[in-house]
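Student: I have a protein model open, and I would like to learn how to read it. Could you take me through some features, one at a time?

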Amino acid sequence: MVLKCLCLATELSFSKPNEIGPAIEAAIRAGYRHIDCAFVYGNEAEIGVALKKLFDEKVVSREDLWITSKVSAKNMHPDAMKTGLDKTLSDLQIESLDLYLIHHSIAVVADGDAIKLDRRTSMQDIWRQMEAFVAAGKCKSIGVSNFQVQLLNDMMSYAKIVPAVNQIERHPYLPQTGMLQLCEREGIAVEAYASLGAPGLRDSPDHGKPLPPLLQHDTIKAVADKHSKSAAQVLLRWSIEDGVIVIPKSVSADRIAQNAAVFDFALDDDDKKAIGALGAHKLRYFEHTWTTLLPME
């Protein structure tokens with residue numbers, strides 16, 4: 001399986017209505033071929049309109065793109081998963097996904113308009129339904145997101161189809177070395193969100209604790225100046241050189257194009273050592289407290 005190593009994220013909670021469509025078009029025209037979606041982002045219908053326009057205008061074909069979506073938390077039960085996937089496919093106006101991910105590693109059941117934990121459904125039950133989607137031709141590959149080392153290692157004992165991907169938070173403050181080692185050993189690709197340090201979350205006064213934003217960190221800026229690149233480009237390149245797929249998000253056409261300009265330079269050993277030293281902080285931006293998840297490593 002080949003995944004495009006640069007992907008456009010569509011989790012744009014800071015964006016306005018009707019902004020994701022133009023962002024999709026700008027990304028495709030800038031050379032992106034991997035689009036990361038999710039039911040919970042609430043914009044798959046708008047993305048579907050943009051994709052159909054690009055297909056109709058023959059800018060790209062469906063076969064040119066790698067389209068990912070995710071099972072929403074409220075559909076994390078075998079009885080609800082098919083309805084959720086059918087809705088995603090209908091909204092995106094496609095017949096099948098290239099990759100379908102479990103968004104959060106915990107089963108739930110509906111409780112009125114809310115959801116509650118379901119202790120009677122195991123992750124193995126969930127994964128069997130994911131495997132059934134592959135057999136039915138509704139998705140080519142399946143994977144997971146926000147899985148910690150222990151849970152992913154356990155899944156390997158019962159998975160008939162090995163997860164293609166684990167999508168996790170990863171950046172220099174949280175290098176997730178143990179997870180990368182496990183995934184490399186098992187043949188699982190790693191996708192990283194928050195590669196730029198989740199600047200969109202900086203509205204919270206305590207977000208990021210006492211550490212400076214990665215895009216403003218002196219170490220990252222020094223490496224960027226050395227290569228005549230932006231801090232964002234250095235952060236993306238750092239992950240790509242570790243074999244990690246990056247998922248930057250933006251609605252700015254200029255920034256989308258800039259984020260793609262990361263294949264004309266390479267970090268040297270001094271750069272990697274300096275950036276690697278930031279990993280001692282082990283800072284996680286997304287804590288997922290509602291799921292009662294353990295740390296990923």
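Tutor: Gladly! Let's start with strands: two strands pair if DSSP finds at least two bridges between them. Keep in mind that this is a predicted model.

Student: Then how many bridges join β4 and strand β7, and do they pair in the parallel or antiparallel sense?

Tutor: Strand β7 covers residues 139–145, and its pairing with β4 is parallel, with five bridges. To see one of them, find L101: its bridge partner in β7 is G143.

Student: Which strand pairs with β4 over four bridges?

Tutor: That is strand β3, residues 66–71, again in the parallel sense. Look for S69, which stands opposite Y100 in β4. A helix belongs to this picture too: β3, helix α3 (residues 78–92) and β4 form a β-α-β unit that is right-handed.

Student: How many residues of strand β4 are buried?

Tutor: Buried means under 20% relative accessible area. In β4, residues 97–102, six of the six residues are buried, so by that cut-off the strand is mostly covered.

Student: And what does an antiparallel pairing look like here?

Tutor: Go to strand β5 (residues 108–111) and strand β6 (residues 114–117), which pair in the antiparallel sense over four bridges. D111 stands opposite A114 in β6. The two strands form a hairpin with two residues between them, and G112 there has a positive phi near 70°.

Student: Let's move to side chains. How many aromatic pairs does the structure hold?

Tutor: There are two aromatic pairs. One of them is formed by Y193 and F286, with 5.4 Å from centre to centre and 85° between the planes. Planes over 60 degrees apart count as edge-to-face, so this pair is edge-to-face.

Student: Which parts does that pair tie together?

Tutor: Y193 lies in strand β9 (residues 189–193), while F286 is in the segment after α10 (269–276), so the pair links parts 93 residues apart in sequence. Y193 is buried at 14% relative accessible area, whereas F286, at 24%, is partly exposed.

Student: What sits over the ring of F265?

Tutor: The charged end of R237 does, 6.0 Å from the ring's centre.

Student: Finally, where does pLDDT stay under 50?

Tutor: Over residues 290–297, for which the model has 30 contacts beyond four places in sequence. Where pLDDT is low, predicted coordinates should not be read in detail. For the protein, the mean pLDDT is 89, and 91% of its residues reach 70 or more.

Methods: Residues are numbered from 1 along each chain as its sequence is written. This is a predicted model: local features need pLDDT of at least 70, side-chain atom pairs count only at pLDDT 80 or more; totals for chains, interfaces and linings use all residues. Side-chain values use heavy atoms; hydrogens and water are left out. Buried means under 20% relative accessible area, exposed over 50%, partly exposed in between (1.4 Å probe, protein chains only). A crossover is right-handed if, with the strands pointing away from the viewer, the path from the first strand over the helix to the second runs clockwise. Rings of Phe, Tyr and Trp (its six-membered ring) pair if their centres lie within 6.5 Å; planes under 30 degrees apart count as stacked, over 60 as edge-to-face and the rest as tilted. A charge sits over a ring if NZ of Lys or CZ of Arg is within 6 Å of the ring centre and within 35 degrees of the ring normal. pLDDT is the predictor's confidence in each residue, from 0 to 100. Contact means heavy atoms within 4.5 Å.
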